[in-house]
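Here is a short report on a ligand site and a pair of packed helices. Look at the structure first, then read on.

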Amino acid sequence: MKIIDTLVERFKKEFDTNDSVEVFFAPGRVNLIGEHIDYNGGKVFPCALDFGTYAVVKKRKDKTFRMFSENFKSLGIVEFSLSDLCYKLSDDWANYPKGVIKTFLDSNFNIDFGFDILFFGNIPNGAGLSSSASIEVLTAVVLKHLFNLDISMVEMVKLSQKAENEFIGVNCGIMDQFSIGMGKKNHAILLDCNTLDYSYAPFILKDSSIIIANTNKRRGLGDSKYNERRSSCEEALSDLRNNGVKITSLCDMDNTSFEKYKHFIKSEEAQIRAQHAVTENYRVSEAMKSLKNGDLENFGSLMNQSHISLRDNYEVTGWELDSLVQAAWEEDGVIGSRMTGAGFGGCTVSLVKNNCIDNFVQNVGDKYKEKTGLEATFYIGNPGDGARKLGDF
Ligand code: GLA
């Protein structure tokens with residue numbers, strides 16, 4: 001593959017070596033339905049993509065790490081030592097892999113040397129396709145191979161999430177790291193975030209495709225807003241439990257019991273956040289039934305309802321995402337369209353009939369630009385395999 005040869009060359013030049021190297025890959029992910037419920041014990045339906053992050057690596061004989069990213073060339077090589085794995089603002093993107101190394105060490109995995117590593121990602125950063133979880137799970141897979149660690153993929157997924165929660169400070173759920181680690185070509189994953197039970201569903205559609213559209217609005221303050229949403233859900237859960245409702249997470253409730261008990265949630269805001277969580281979980285179950293019955297139209301309509309709930313109840317969409325989704329809804333051949341990921345900017349995901357894709361890209365792009373002044377970027381979302389070693393070079 002040309003991209004690998006190019007990256008290996010770049011590694012050798014950047015780190016001034018001719019030694020052999022190992023190459024790894026971790027995908028990005030797109031979530032089809034089940035948004036903002038992974039941390040509420042809900043079910044989600046994401047898939048890994050066939051684009052993501054590459055790493056070219058060579059183990060060192062000392063305890064130094066040197067990291068370079070082709071995406072942030074101007075930041076140069078970030079260097080740190082095994083004995084100094086602390087978060088540094090100036091280390092910027094390198095805090096993600098650093099956090100994973102620290103989390104592995106804290107979990108007593110034996111990492112006794114450093115390495116040189118070059119990263120390159122073709123997932124747009126901050127676009128809601130999980131570029132950060134991709135580099136985290138990628139680092140975990142690198143550690144496993146380089147240090148012969150006895151660790152399963154699910155364990156690596158959990159440690160990557162822990163790094164994001166504790167080292168980076170974003171209180172994310174498990175969905176991103178899980179889909180990136182466990183992805184399977186041509187399949188989406190139905191994941192129960194309460195138990196981590198999962199199953200694969202074939203997701204190659206006969207005459208339609210997954211189209212991802214980037215608003216090209218960076219998430220900005222998204223991370224702090226994300227943590228705020230999560231706190232509102234925790235507040236709702238604790239009000240319910242304090243009033244004797246026997247649940248361990250919001251998604252333990254169905255729509256009927258939510259209606260019965262919602263008055264226990266004191267703040268109106270927490271109540272509508274919880275309403276999103278409960279109804280979104282129901283939409284995922286309905287979406288799975290529709291897929292089984294081959295009823296893609298209903299699947300699409302549930303995607304649309306998911307967007308409306310994220311817009312009106314969870315309030316994580318915003319002008320750009322709403323404009324892009326609205327333009328998609330008005331277009332012929334669109335089965336369903338919604339925001340995907342954390343929101344506050346980033347991407348939408350749409351199911352579009354294959355013979356309408358060209359018009360979709362043209363018309364939705366034009367309408368979106370007219371409304372917002374921004375150019376959207378479009379990608380075909382082919383479900384791909386999870387994080388893995390690609391080989392020795
Ligand atoms: C981000 C988080 C995930 C999930 C989504 C919203 O991508 O990392 O854990 O909560 O937002 O569904």
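Ala, Val, Leu, Ile, Met, Phe, Trp, Tyr, Cys and Pro count as nonpolar; Asp, Glu, Lys and Arg count as charged; the others, Gly among them, count as polar. With these classes, the shell around the ligand has five nonpolar, three polar and four charged residues. Keep in mind that this is a predicted model.

**The ligand site**

Which residues are around the ligand? They are R29, E35, H36, D38, Y39, C172, G173, M175, D176, Y226, G341 and A342.

| Residue | Part of the residue | Distance to a ligand oxygen atom |
|---|---|---|
| R29 | polar side-chain atom | 3.0 Å |
| D176 | N or O atom in the side chain | 2.6 Å |
| A342 | polar backbone atom | 3.5 Å |

On its own, the ligand has 310 Å² of accessible area. The protein covers 93% of that area.

**Two packed helices**

Two packed helices are described by the angle between their axes and the distance between the axes. Helix α10 spans residues 319-329, and helix α11 spans residues 357-372. They pack at an angle of about 140°. Their axes are 9 Å apart. Is the crossing of α10 and α11 left-handed or right-handed? It is right-handed.

From α10, the contact uses W319, E320, S323, L324, Q326, A327 and A328. From α11, it uses F360, V364, K367, Y368, K371 and T372. By class, the residues of this contact are seven nonpolar, three polar and three charged.

Definitions and conventions
Residues are numbered from 1 along each chain as its sequence is written. This is a predicted model: local features need pLDDT of at least 70, side-chain atom pairs count only at pLDDT 80 or more; totals for chains, interfaces and linings use all residues. Side-chain values use heavy atoms; hydrogens and water are left out. Axes are lines fitted to C-alpha atoms, for helices over the stretch in contact, and angles run from 0 to 180 degrees between N-to-C directions. Helices (H or I, at least four residues) and strands (E, at least two) are DSSP runs, numbered from the N terminus. A crossing is left-handed if the near helix is turned anticlockwise from the far one by less than a right angle, and right-handed if clockwise. Contact means heavy atoms within 4.5 Å. A residue is near a molecule or strand if one of its heavy atoms lies within 4 Å of it. A polar contact is a pair of N or O atoms within 3.5 Å; within protein, one must be able to donate a hydrogen and the other to accept it, and residues adjacent in sequence count only if both atoms are side-chain atoms. Accessible areas come from the Shrake-Rupley method with a 1.4 Å probe; for residues, only the protein chains shown count as cover.
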